[in-house]
Amino acid sequence: MGCAVIGCGNAIPDLEIDNDQMSLLVDTSDEWISSRTGIKTRHVALNESSLDLSEEAARKALGWDDGGYSERSIDPEEIDLIITATLTGDVLVPSNAALLRRKLGLKNAICFDLNAACSGFVYALNVAESMIAASATASNRSPIRRALVVAVERPSRITNWADRNTCVLLGDGAGAVVLEYDENRAGILSTFLANEDDIHNALTCPTPLDVVPPFDADGVNTAQDIIDESHAAIDEMVEIEESLAEGNPRNVLRMNGQRVFKFSARAMKQAITEVCERAHVSLDDIALIVPHQANERIIDFGARHMGISKDLFKLSIEHRGNTSAASVPMALADAYNEGQIKKGDKVIVVAFGGGFTIGAALYEA
Ligand code: COA
């Protein structure tokens, strides 16, 4: 008995930007981006909200719309849990999962969002599977038989479009899977989650929360202080506007590419090895590995160091870029749509990212 993947879908924003267009923004070239990352184009959500993208991916995974993989059409009442992995929801409250519940009429679902950076989907999958497994064996919990796990990202909203080190890498999109508890299927065979401290702050993005609370160590601040504070805030706003005008926005992603690269390559190998060992499955028995699509060279490196063929890895970075948490379910949906996953196949999903976070799951399709 296990927790089976019974649906999968993705959503890709309409606007596609190629590397030549990126070279109009920053000092770069198609040759540099292609050879260093494997990326040729990325999509930017101009007219699609995070909720729009989540909805499109979810509807395909639920079997309501064409264009995804779905073993059957799921009734709205059948979904007990929605988890969205995202850094870039439309609003902080309600959560993206709560907005999706309302939009899709999934009235029995409990829902929340989760932030584990680029590993968010794999973390959410782990949490959903744990909640389903726990409720299957205990009567003192909310019954959860089916979960919708969505990852949606619009990194275009936290990208410094004047920083060539990061802006060429990222893309927007969403992916979703439906998980179902099934007494007769193996489903998820093993999982692995781990964190390491990002001691050098190699991957950061400041919070957009910037209200200054009207308090000091003695309690409520005096009116004069508040006025001073508000003058200071105005000065600061002017500074921010000037900085923005110079192409230096504040709440954007910053990355030390080489440090992140080294961590990612090592983390991917560790996570794949762990899920195989925990499931007592040899790498030779794996039909497909669907990795986080951060850089094709990380996958090259991983394949070489594990002594396995690169063909075992699903690649979809070329026309997506790095879509953060959404990249794994987006690539997984591609693999289903392209007939690369058949019933009974053993599949690994693996991700790594800011935090640092590392996660993987091995399942039988
Ligand atoms: N176009 C042209 N040149 C660029 C460039 C761009 N878009 N971005 C950086 N460069 C330049 C650098 O400024 C540097 O120039 P310098 O030698 O004059 O200083 C040179 O290229 C080499 O930079 P470097 O950082 O050593 O390149 P790299 O081979 O490490 O590739 C990344 C950079 C970002 C592609 C790579 O480090 C990477 O993919 N890291 C991991 C990213 C990742 O996975 N992030 C998400 C994790 S979830």
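Start by selecting helix 2 (30-37), helix 6 (164-167), helix 8 (257-279), helix 9 (296-306) and strand 15 (346-353): each gives at least two residues to the shell around the ligand. Keep in mind that this is a predicted model.

Now highlight helix 8. Four residues of the shell come from helix 8, the largest share.

Next, show the whole shell. The ligand is surrounded by 23 residues. Colour them by type: 10 are nonpolar, nine polar and four charged.

Which residues are closest to the ligand? Pick Thr-28, Arg-36, Gly-257, Gln-258 and Asn-295.

Zoom in on three of these residues, one by one.

- Gln-258: a polar atom of the Gln-258 side chain sits 2.4 Å from an oxygen atom of the ligand.
- Arg-36: here a polar side-chain atom is 2.7 Å from an oxygen atom of the ligand.
- Gly-257: this time the backbone takes part, with a polar atom 2.9 Å from a nitrogen atom of the ligand.

How much of the ligand's accessible area does the protein cover? On its own, the ligand has 960 Å² of accessible area, and the protein covers 75% of that.

Select Leu-92, Val-93 and Leu-209. Together they make a nonpolar surface patch of about 380 Å².

Stop at Leu-92. Leu-92 lies in the loop between strand 5 (81-85) and helix 4 (96-104). Is Leu-92 buried or exposed? Leu-92 counts as exposed because its relative accessibility is 66%, and the cut-off for exposed is over 50%.

Notes:
Residues numbered from 1 in each chain as written. Predicted model: local features only at pLDDT ≥ 70, side-chain atom pairs only at ≥ 80, totals over all residues. Heavy atoms only, no water. Patch = residues over 30% accessible without salt bridge, like charges linked within 9 Å, V, L, I, M, F, W, Y side chains within 5 Å. Areas by Shrake-Rupley, 256 points an atom, 1.4 Å probe, with all protein chains shown as cover. Salt bridge = Lys/Arg side-chain N within 4 Å of Asp/Glu carboxyl O. Buried < 20%, exposed > 50% of the residue type's maximum accessible area, 1.4 Å probe, protein only. Near = heavy atom within 4 Å. Polar contact = N/O pair within 3.5 Å; in protein donor to acceptor, adjacent residues only side chain to side chain. Nonpolar A, V, L, I, M, F, W, Y, C, P; charged D, E, K, R; others polar.
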